[in-house]
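The points are numbered and can be read in any order.

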Amino acid sequence: MKMYQYPSVLTIAGFDGSGGAGQQADIKAISALGCYSTCVLTSLPIQNTQGVQKIYPIPLEAIEEQIAAVMDDVFPNAIKIGMIHSAELARVVAKQLSKYPKVPVVYDPVMVASSGDKLIKDEDIEQIIDILFPISDLITPNIDEAAVLAKMKVETEQEMLWAGEQILKYQCKAVLLKGGHQKTEILSSYLLTQDHKSYKYESQRIETKNTHGSGCTLSSAIASYLARGEALHRAVELGQQYVFEAIKSGQNVLVGKGTGSLNHFFNPQKLIKNELDRTSLDSI
């Protein structure tokens with residue numbers, strides 16, 4: 001009898017009880033793109049569409065054990081990392097994931113709030129860069145986060161490119177400079193790689209406040225397409241298209257009293273079933 005396996009994506013991220021960001025957005029995006037989602041919880045915020053009221057930490061030992069348990073059983077084809085709030089947590093994650101260097105890692109460095117306030121201490125940011133960037137295949141900062149990482153003002157497209165070159169010096173394999181915070185009608189994002197390739201992606205601005213979790217969703221979508229076998233630049237292109245359509249289809253829907261979420265299921269796909277060969281079956 002033929003046996004199959006779903007393309008699997010592991011999300012290592014925090015919780016969002018309002019369902020729009022964090023692990024909830026990750027699971028929705030991964031599922032909507034035909035992949036099987038596993039997850040590791042890193043923090044428990046008390047949160048809704050109007051903001052975060054409080055955050056309860058998850059013990060580091062529990063996070064380490066969660067990662068080990070998932071990797072030992074439902075082995076992922078790609079991994080997405082969300083907000084890492086401390087250097088200690090970064091070390092735990094890196095210690096586990098460094099055992100599996102062939103699995104692509106997409107890291108969304110959530111470091112700056114929409115208000116412009118830093119979410120992580122400067123000394124932790126420096127250590128997180130040293131610990132997590134070298135094991136990441138793609139870093140996906142928005143403009144504000146790129147400014148923190150590159151230690152420079154980032155407003156124009158040229159400054160985005162300069163910032164990207166600085167971020168690549170931290171030894172990540174590639175960086176996606178997201179243009180969602182631009183004030184222009186056409187939003188531009190840039191993918192830069194260590195082998196000096198660059199790709200530009202453009203999309204139309206959508207007038208809506210329903211963008212809660214768009215960064216989480218994009219990084220998860222890219223990881224999903226990598227799990228499905230797409231090349232990095234194509235995974236980014238498809239991920240950008242998915243987020244655009246998710247925002248567009250949810251732009252006039254009221255979700256909560258604050259910043260609403262995307263419509264992750266505007267065109268959900270069935271779980272993809274890839275046939276297993278005999279070698280794979282023997283190793284299970």
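**Notes on the predicted model**

1. Phenylalanine 75 has a relative accessible area of 41%, so this residue is partly exposed. The model is a predicted one. Phenylalanine 75 sits in the loop that joins α2 (60-73) to β6. Leaving out residues up to four places away in sequence, phenylalanine 75 touches Ser8, Val70, Tyr100 and Val103. Leucine 276 lies 201 residues away from phenylalanine 75 along the chain, and the C-alpha atoms of the two are separated by 14 Å.

2. How much of helix α1 is buried? Of the 11 residues of α1, 8 are buried, so the helix is largely enclosed by the rest of the structure. The buried residues are Gly22, Gln23, Gln24, Ala25, Asp26, Ala29, Ile30 and Ala32. Their cover includes the strands β2 (8-13), β3 and β6 (78-81), together with the helices α7 and α8. Just after α1 comes glycine 34, which takes a positive phi of about 85 degrees.

3. Serine 37 belongs to strand β3 (residues 36-41). Its relative accessible area is 19%, and the limit for buried is under 20%, so serine 37 counts as buried. Apart from neighbours within four places in sequence, serine 37 is in contact with Val9, Thr11, Ile27 and Ile30. Ile30 is also one of the buried residues of α1.

4. Two packed helices are described by the angle between their axes and the distance between the axes. For helix α1 (residues 22-32) and helix α7 (residues 214-227), the axes come within 8 Å and cross at roughly 40 degrees. That angle makes α1 oblique to α7. The crossing of these two helices, α1 and α7, is right-handed. On the α1 side the contact is made by Gly22, Ala25, Asp26, Ala29 and Ile30, and on the α7 side by Cys216, Thr217, Ser220 and Ser224. By class, the residues of the contact of α1 with α7 are 4 nonpolar, 4 polar and 1 charged.

5. Helix α7 also packs against α8: their axes come within 8 Å and cross at roughly 135 degrees. This makes α7 oblique to α8. The crossing of α7 past α8 is right-handed. From α7, the residues in the contact are Ser214, Thr217, Leu218, Ala221, Ile222, Tyr225 and Leu226; from α8, they are Leu232, Ala235, Val236, Leu238, Gly239, Gln240, Tyr242, Val243 and Ile247. The contact of α7 with α8 has 12 nonpolar and 4 polar residues, and no charged ones.

6. At what angle do helix α3 and α4 pack? Helix α3 (residues 87-97) and α4 pack at about 10 degrees, and their axes are 9 Å apart. The helices α3 and α4 are therefore roughly parallel. Ala87, Ala90, Arg91, Val93 and Ala94 of α3 make the contact with Asp124, Gln127, Ile128, Ile131 and Leu132 of α4. The contact of α3 with α4 divides by class into 7 nonpolar, 1 polar and 2 charged residues.

7. The aromatic pairs come next. The count is 5 aromatic pairs. In one of them, the rings of tyrosine 107 and phenylalanine 133 have centres 6.0 Å apart and planes at 80 degrees, so the pair is edge-to-face. Tyrosine 107 is in strand β7 (residues 105-107) and phenylalanine 133 in the loop between α4 (122-132) and β8 (138-139); the pair links distant parts of the chain, 26 residues apart. Tyrosine 107 counts as buried at 1% relative accessibility, and phenylalanine 133 counts as buried at 0%. One aromatic cluster is formed by Tyr107, Phe133 and Tyr170.

8. Why is the pair of tyrosine 242 and phenylalanine 266 called tilted? The ring centres of tyrosine 242 and phenylalanine 266 are 5.5 Å apart and the planes are at 35 degrees, so the pair is tilted. Tyrosine 242 lies in helix α8 (residues 232-249) and phenylalanine 266 in the loop between α8 and β12 (274-275), so the pair ties together parts that are 24 residues apart in sequence. Tyrosine 242, at 5% relative accessibility, counts as buried, whereas phenylalanine 266 is partly exposed, with a relative accessible area of 32%. Tyr242 is also among the α8 residues that meet α7.

Note on methods
Residues numbered from 1 in each chain as written. Predicted model: local features only at pLDDT ≥ 70, side-chain atom pairs only at ≥ 80, totals over all residues. Heavy atoms only, no water. Axes fitted to C-alpha atoms, helices over the stretch in contact; angles between N-to-C directions. Helix = DSSP H or I, 4+ residues; strand = E, 2+ residues; numbered from the N terminus. Parallel < 35°, antiparallel > 145°, perpendicular 65-115°, else oblique. Left-handed = near helix turned anticlockwise from the far one by under 90°. Contact = heavy atoms within 4.5 Å. Nonpolar A, V, L, I, M, F, W, Y, C, P; charged D, E, K, R; others polar. Phe/Tyr/Trp six-rings, centres within 6.5 Å; stacked < 30°, edge-to-face > 60°. Buried < 20%, exposed > 50% of the residue type's maximum accessible area, 1.4 Å probe, protein only.
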